[in-house]
Amino acid sequence: MTHRSKSSHVGSCLSICEILYCLYFKVMNIDPHDPHKIDRDKFILSKGHGSAALYATLAERGFFPKDKLEGFYMDHGTLPGHLDMQAVDGIEASAGSLGHGLSLGLGMAIANKCDSNPGRIFVLLGDGECNEGSVWEAVMLAATLRLQNLTAIVDMNGLQGFGRTCEVIDQTNMTERWAAFGWEVHEADGHDMGQLEKVFGFHQKGPKAIIAKTVKGKGVCFMEDRLEWHYKSPNDEQCESALRELDGKS
Amino acid sequence: MRTTFVNCLIDRAKIDNRIFVITPDMGFSVLEKFKEQFPQRFLNVGIAEQNAIGVAAGLALSGKIVYVYSIIPFVTMRCFEQVRIDLAYMNTNVRLVGVGAGLAYGPAGATHHAIEDIAIMRALPNMTVCCPGDPVEVRALINQSFAHKGPIYFRLNKNGETCIHDDSARIEIGKAITVKEGKDIALITTSNMLEQGLHWVKEWSLQGKQAALISMPTVKPIDTDAILQLINRNIPIITLEEHNMIGGLGSAVAEVIADAGKAVVFKRIAIQDVYSHLVGSQQLLRSKLGLDRRPI
């Protein structure tokens, strides 16, 4: 998708694929044929620039036909580079500006609690995104309200817009930070399905944070842990090579 | 105005369990009654306006009708990008309720004044901008907001305003209200300048000039038809607002006049693109900033 449209953020997408797969195929109570059912679990991609990964996951899960993916980031296209909830079924919130998603998810979690609705809320944030002060406003309130139906996942790929996260704003103690605010925090390898499924399954008495250790550009050797793949789109040769590698053929 | 607002909300909340109130730690002596009656539908999110808007939008996306209450600069400007995306772009049923229109917080200083709010809220697609001029307008517009689709910004003054309209006045979101007919001048006011507008009309009357007084409690969508009717009467049009010269009621009316392509005598009375560094009451600041100077 990013090759065809010559768009950015392929590295950001590859760091969250397993998390999305785990949520949409293993964890969440959702029905692609009834995308608005009232007691569904909801997912918010707060790092909206990872949109291509979410679109692909939703299409694979059956929320919309896969041919819509061809209109990603295109003239007269179907799917914008950052999320527009009007574009297709399955997108719970528009996103693209960082630091919004956790507050939105918090509001949804409060509504479900108020309505005795069993639906759970999952919000995926980037580690760079945690520079945003609004994230911590939401973190503080969620803990105060002891919301058992809210889970945040932090995609800890260690890279942000213009540098390594630990060098821009040192967040090497991300786990301790969320715990200090009163969240139940679990660490996991964000590319290990078994570990992810296990931590998602832990019973929670309050809001849960999963600090997912990930690799930007995961699965493509020339993209892994490289800042430039926040911006570049693969050319023909790189795309072919990347797909071969992801298919396990090289 | 704020008492009228909260009373309307309480009445509705008794029969509509979608009504929710969020405050970023404001509302002392105003919101207690709502909190006591509907503790499950009242939430103080702490001094965190960005989160207040996001939480409100999340509730609205879950079917609630959410009123976020604070002082105007904090509920509009501190969290503007949340307002833009979470409310306007996603077209959610959140109502921003700001108190302290214009210079209402007078001696508190310019941090608490609201002179740019209409301009920035008006610039957002999907956003309706309501600036009621008296408690009767507040009641009508708040009552209509329960069935409205999409976000609304309510610009309230504070408390103790005189009722200008009687209960029979026809007040609708998006419609101008003719308070008084007149053939010589048309004065259009919005928000907390309605009462002063009425005084001016009386003063003109003593000078033998019959001025029409139009209250414009909705600045967006502006009532284009009502303004076009005034343009076609070919009488001077004056706008009066406690807001900056740029982007408020005067700008909205000027846009309609410009698009109409007809010459008409037009004057905007507004704040001359300055912050107030004076210390004093709303009335004193109005005077110092020239808002009480009636054009001849």
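**Notes on chains A and B of a predicted model**

1. Let's start inside chain B: the centres of its domain 1 and domain 2, taken over C-alpha atoms, are 25 Å apart. The domain assignment puts domain 1 of chain B at 2-156 and domain 2 at 177-288; such bounds come from an automatic or database assignment.

2. A quick word on the model: it is predicted, so local features need pLDDT of at least 70 and side-chain atom pairs count only at pLDDT 80 or more, while totals for chains, interfaces and linings use all residues. Residues are numbered from 1 along each chain as its sequence is written, with chains lettered from A and ligands numbered from 1 in the order in which they are written.

3. Where the two domains of chain B meet, 24 residues of domain 1 are in contact with 27 residues of domain 2 (contact: C-beta atoms, placed from the backbone, within 7 Å). Helix H6 (117-122), strand S5 (128-130) and helix H7 (135-145) of chain B each supply at least two residues of the domain 1 side (helices are DSSP runs of H or I, at least four residues, and strands of E, at least two, numbered from the N terminus).

4. Now the chain pair: 22 residues of chain B are in contact with 20 residues of chain A. On the chain B side, helix H3 (49-61) and helix H5 (80-89) each supply at least two residues. H3(B) gives the most, with nine residues.

5. Over in chain A, have a look at helix H4 (residues 51-61): its buried residues include Leu54(A), Tyr55(A) and Leu58(A) (buried: 20 or more other C-beta atoms within 10 Å of the residue's own, with C-beta atoms placed from the backbone). The buried residues of H4(A) pack against helices H1 (2-5), H2 (10-14) and H3 (17-27) and strand S1 (42-45) of chain A. Just after H4(A), Gly62(A) takes a positive phi of about 100 degrees.

Note on methods:
Buried ≥ 20, exposed ≤ 12 C-beta atoms within 10 Å, placed from the backbone.
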